[in-house]
Amino acid sequence: MASVSVRSVHKSFDDLAVIHGVSIDINDGEFLVLVGPSGCGKSTLLRMIAGLEDINDGEIAIGDTVVNDMAPKARDVAMVFQNYALYPHMTVRQNMGFSLRLRREDKNMIRERVDSAAQILGLTQLLNRLPRQLSGGERQRVAMGRAIVRDPQVFLFDEPLSNLDAKLRVQMRTEIKALHQRLRTTSVYVTHDQVEAMTMAERIVVMNLGRVEQVGRPLDLYDRPANLFVAGFIGSPAMNFIDASSTAESDAPALTAADGTALPLPPGTRVGGGQPLVYGVRPEDLALSPNGAGVEATVSVVEPTGSTTLVFCEMAGQEICVEFKERHDFNPGQTIRLMPRLEALHLFDRETGQRLSD
C-alpha cells in the first residue's frame with residue numbers, strides 16, 4: 001500500500017485545458033472518491049495517476065516516488081474499468097491470473113492468488129466458466145479479482161458500476177466497500193453518482209470544470225457545503241435554492257425573496273443590508289407548520305416512494321422539493337405552509353457562490 005500525492009497537476013488536449021492545477025493528498029489505505037458531472041476531469045485525473053495520460057505540468061507521486069515519467073506497468077497500480085474488458089475465450093481463472101502469467105510468475109503462486117481472490121469475491125464456483133456464462137455483477141467481480149491478484153499499491157476504479165442495473169449497483173457498492181475494509185489498499189474511485197460517493201467514500205473530492213470545489217468527509221460536505229455547486233451536487237433530492245436579499249443590517253436581519261415573501265432566519269444571523277443571497281434548505285429540512293406560521297407553498301406534484309413522499313411545490317416564486325417521512329394526502333393546487341429547520345439553513349453569497357460563515 002502507498003499514499004498518492006497529486007501536486008498542482010495541469011492537463012490540456014491541444015488548446016483545451018481540462019485540469020487546472022489540481023492538488024490532492026490521498027492517505028495510505030484510504031478510499032477516496034472523485035465525483036462530479038460529466039466533463040469535470042475526474043476520469044482524466046484517474047488516468048494520469050494510472051499513467052494512461054501524460055501530465056503537462058505538476059507531479060504525481062505514489063509513495064515516495066514521483067511517477068510522471070514511469071510507464072503504467074511500473075507504477076504498481078491496478079485499474080478496474082467501466083468496461084469489464086474480459087477475454088471472452090478465457091475462463092474466469094485464466095482471466096484473473098492473466099497479468100501474473102504475463103509477468104512469468106510461478107504457477108503455484110498464481111493459483112494461490114487466484115483462489116484467494118475468488119474466495120474473497122465469491123467466485124470459487126465460477127472459476128471454470130467463460131465470461132458469456134456470467135451475469136453483469138459476476139463479470140465485474142472477475143474484473144476486480146484480476147486487480148486483486150496483482151496485490152498492487154493502489155486500486156483505481158473508473159465508474160465500474162455504471163453498466164449495472166440499479167439493484168445490482170447497490171449490491172456491488174456494498175461489496176466494494178466491504179472489500180476495501182478487508183484489504184485496506186489505497187483506492188481512488190471515480191463516479192458521477194453522488195449517492196455512490198456518499199455511501200462508499202472515506203473522503204470525497206468534488207470536481208467541476210477541471211478544478212477541485214471541496215474535499216472532505218461525506219457528511220461534512222453534506223452538512224457544510226463550501227459553495228453553491230457542492231450544495232446542489234451533493235444530496236438527493238438536491239438542495240432547494242431561493243434567491244433573496246437582506247432587508248436590514250442588525251442582530252435580527254430579515255430576508256426577502258424576489259417575490260416579496262419573508263424567509264425565516266435563525267436568531268443571531270448576521271448579513272449585510274441589501275446583500276444578494278441564496279437561501280438554501282434541503283428537502284428533509286422542511287416540515288408542515290402546525291400553527292399557521294412558516295411560508296406559504298402551493299403543491300404541484302406528489303411522488304410517493306414508499307419510505308418517503310416527495311412533494312414538489314411553488315414557494316417564494318421558486319419550485320422546491322419537500323421530503324416527508326410521514327404520509328400526507330396532498331392534492332395538486334393545495335396550499336400548505338412550510339417551516340424550515342432553522343439550524344439546518346444554508347446561506348450563500350449570490351455573486352460569488354461561496355457559503356457565508358456560520
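This is a short tour of a predicted model, from an annotated domain to a helix pair and then a cavity. Residues are numbered from 1 along each chain as its sequence is written. Local features need pLDDT of at least 70 and side-chain atom pairs count only at pLDDT 80 or more, while totals for chains, interfaces and linings use all residues; side-chain values use heavy atoms, without hydrogens and water.

Select residues 4-234. An unreviewed UniProt entry annotates them as "domain: ABC transporter"; such annotations may be inferred rather than shown by experiment. This stretch is 37% helix and 26% strand (DSSP runs of H or I, at least four residues, and of E, at least two, numbered from the N terminus). Its end C-alpha atoms are 25 Å apart.

Next, select α2 (residues 92-102) and α4 (residues 136-148). Which residues meet here? Val-92, Asn-95, Met-96 and Ser-99 in α2 meet Val-142, Gly-145 and Arg-146 in α4 (contact means heavy atoms within 4.5 Å).

A search of the whole structure finds one cavity of 30 Å³ or more. A cavity is a set of points on a 1 Å grid over the protein atoms alone where a 1.4 Å probe fits but cannot get out, and lining residues have an atom within 4 Å of a point. The volume of the largest cavity, about 50 Å³, is the space filled by probe spheres set on the points, which are joined across faces, edges and corners.

Select its lining: Phe-31, Phe-155, Phe-157, Ile-176, Leu-179, His-180, Leu-183, Thr-185 and Ser-187. The largest share, four residues, comes from α5. Both β7 (154-158) and α5 (166-183) supply at least two residues each.

Notes. Axes fitted to C-alpha atoms, helices over the stretch in contact; angles between N-to-C directions. 1 Å grid on protein atoms, 1.4 Å probe; cavity = no way out; pocket = protein on both sides within 12 Å on 5 of 7 lines; lining within 4 Å.
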